[in-house]
Amino acid sequence: MTTTKAVKVSLLPDAVRREAFAEASRFRGQFYECVTARRDELFELTDAMLCADGAVKSPVDLTLLPEHRRGHGALYGALNRGIDVDRLRTVLAGLSMPQFEGRRLVLAVDVSPWLRSDAPCSAERLFCHVYGRAKSASQVILGGRTPSSPSWSLAPRHGRRSWTWSGSGPGTTRPRSTAQVRGGAERLVAAGKRQPGDPDIAVVMDAGYDVTRLAWVLRDLPVTLVGRIRSDRVMRLPKPSLKEYALAYPQGGRPLKHGPEFRFAEPGTWPEPAITTATDTANYGKARAQAWDRVHPRLTHRAAWLEHEGELPVVEGSLVRLKVEHLPKGREAPPVWLWSSKTGAAPADVDLWWQVFLRRSDLEHTFRFGKQTLGWTAPKIRTAEAADRWTWLLAAAHTQLRLARPLAADLRRPWEKPAEPNRLTPARVRRGFRNIRPHPLCPARVPQPRGADPGRPLGSKNGRPATRYNVGKTVKGRVSDLV
């Protein structure tokens, strides 16, 4: 009996490693097929990004690594070619992803600016709001069109982790998130990640998104939207029933469309909450959540609803007020207001909503790792299309790190604490990726040297100077396309 147990325990890590190698090889082959042009160059560029020592400061530095067997001219030529984005999104949706209790999928959507303040030759730059760069609360700095605010769909894990699952990848900008959320949900359903009878996919977002508008246009999908609402908002309670209306207005009149006002800053306008929960937390003390059902905004023909035909709808949902005792280091915590597109919620739903909203902060680790280590915003790329391709390479690189996590050894620095094998951070997995790379599939072909391009004749001037573009919106689009 003792010998049998020892054999089972010793074979378990080998089985996990074999499965990890198989999944990593499968993804590398699928990623190679998703590249429509210069696939060998882009594939080796992604490997060089993962095998570089230290942070990536410039893409051209990656051409000096042994994993990159081609010249620097091939790098710039490849970034100007195509990638089958839809196929790559489908491949990412088919990978294993974390799930919460009850087979619930949670996606978090957020943006991160790619600042290009000194790039006048980059087209369609916009103004980006940046926080924490100076003593003031915020600043406005120039950024590009697509790379300035790429919208990501990432799946946070249960509990505090620095890992996220890269889902839909970069989109265009934050206002155009409807197609991204719709496409991500449809791909997950098509990949079998959500079976009939499973809970709806929870999509978490911050206050920059119009969560009520998204809830209306995505009402045909099995998704539940959860978004933060500013603390100065005013919403409406559900309209009274016919019996209550007859008692309140015996003289009659037109039936009401909305109920009384619900002012977030005035507790006197709050009715008795339908649900009240209290949960003990490790970092914030006791978390108290209050929820009101069928709370909705009073819509007007402005912004995204300007071109809405007919009478404006009543988009009802659940309003949640979260208040914790304290923040880390004893700081006072202001209340957080959340709005969910689901009505008739249970106490378990309310606790799930604010917990997954707190887990949305895991995206900040992914953005920081992408920028500071993988060199997401390091390239000085002129066109937004090339920046998108570089961003997709970074998404593929981050996915390979996640798949190689069970295979990596802890190559820690002398001053770092040891980490358990299942608790390695993305940076530590990247240190050992060069030792892992020879084992999975490598479909890139051996380069065939053909000599260097002669380039522009020595002493000649550039006869085609780059075009300089104005900053801001130059093309007026339909307001309905903003969400």
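Trainee: Where is arginine 38 found?
Mentor: In this predicted model, arginine 38 sits in the loop between helix H1 (2-34) and helix H2 (39-51). Its phi is positive, about 55 degrees, although arginine 38 is not a glycine.

Trainee: Why is arginine 38 called partly exposed?
Mentor: Its relative accessible area is 37%. Buried needs under 20% and exposed needs over 50%. Arginine 38 falls in between, so it is partly exposed.

Trainee: What makes alanine 303 exposed or buried?
Mentor: Its relative accessible area is 57%. The cut-off for exposed is over 50%. Therefore alanine 303 counts as exposed.

Trainee: How do you know how many disulfides there are?
Mentor: A search of the whole structure finds 0. Take cysteine 51: the nearest cysteine sulfur belongs to cysteine 442, 9.9 Å away. A disulfide needs the two sulfurs within 2.5 Å.

Trainee: What makes aspartate 198 and arginine 103 a salt bridge?
Mentor: Their side chains meet at 3.2 Å, N to O. The limit is 4 Å. The value is within the limit, so the label holds. This pair links distant parts of the chain, 95 residues apart. Aspartate 198 is in the loop between helix H5 (178-190) and strand S6 (201-205). Arginine 103 is in the loop between helix H4 (85-93) and strand S1 (106-111).

Trainee: Are the two partners buried or partly exposed?
Mentor: Aspartate 198 is buried, at 13% relative accessibility. Arginine 103 is partly exposed, at 38%.

Trainee: What about arginine 194 and aspartate 200?
Mentor: They form a salt bridge at 3.3 Å, N to O. That is within 4 Å, so the pair qualifies. Arginine 194 is buried at 15% relative accessibility. Aspartate 200 is partly exposed at 30%.

Trainee: What does the salt bridge of arginine 228 and aspartate 206 tie together?
Mentor: The closest N and O atoms of this salt bridge are 2.6 Å apart. Arginine 228 lies in strand S7 (residues 223-229). Aspartate 206 is in the loop between S6 and helix H6 (211-217). So the pair ties together parts 22 residues apart in sequence. Arginine 228 is partly exposed, at 29% relative accessibility.

Trainee: How many salt bridges does the whole structure hold, and which residues are linked in a network?
Mentor: The search finds 27 salt bridges. Asp40, Glu44, Arg69, Arg70 and Arg445 are linked in a network.

Trainee: Why do histidine 258 and histidine 296 count as a polar contact?
Mentor: Their side chains are joined at 2.9 Å. The cut-off is 3.5 Å, so the distance passes. Histidine 258 is in the loop between helix H7 (242-248) and strand S9 (261-263). At 13% relative accessible area, histidine 258 is buried.

Trainee: How do you know that the span of helix H8 agrees with its length?
Mentor: H8 covers residues 347-359, 13 residues. At 1.5 Å a residue it should span 18 Å. Its end C-alpha atoms are 19 Å apart, which agrees. Among the buried residues of H8 are Trp353, Trp354 and Phe357.

Trainee: What makes Phe127, Val140 and Val471 a nonpolar patch?
Mentor: Patch residues need over 30% relative accessible area. Phenylalanine 127 has 52%, so it passes and counts as exposed. Together the three have about 260 Å² of accessible area. Phenylalanine 127 is in strand S2 (residues 126-131).

Technical notes
Residues numbered from 1 in each chain as written. Predicted model: local features only at pLDDT ≥ 70, side-chain atom pairs only at ≥ 80, totals over all residues. Heavy atoms only, no water. Patch = residues over 30% accessible without salt bridge, like charges linked within 9 Å, V, L, I, M, F, W, Y side chains within 5 Å. Areas by Shrake-Rupley, 256 points an atom, 1.4 Å probe, with all protein chains shown as cover. Helix = DSSP H or I, 4+ residues; strand = E, 2+ residues; numbered from the N terminus. Buried < 20%, exposed > 50% of the residue type's maximum accessible area, 1.4 Å probe, protein only. Expected span 1.5 Å × (residues − 1). Polar contact = N/O pair within 3.5 Å; in protein donor to acceptor, adjacent residues only side chain to side chain.
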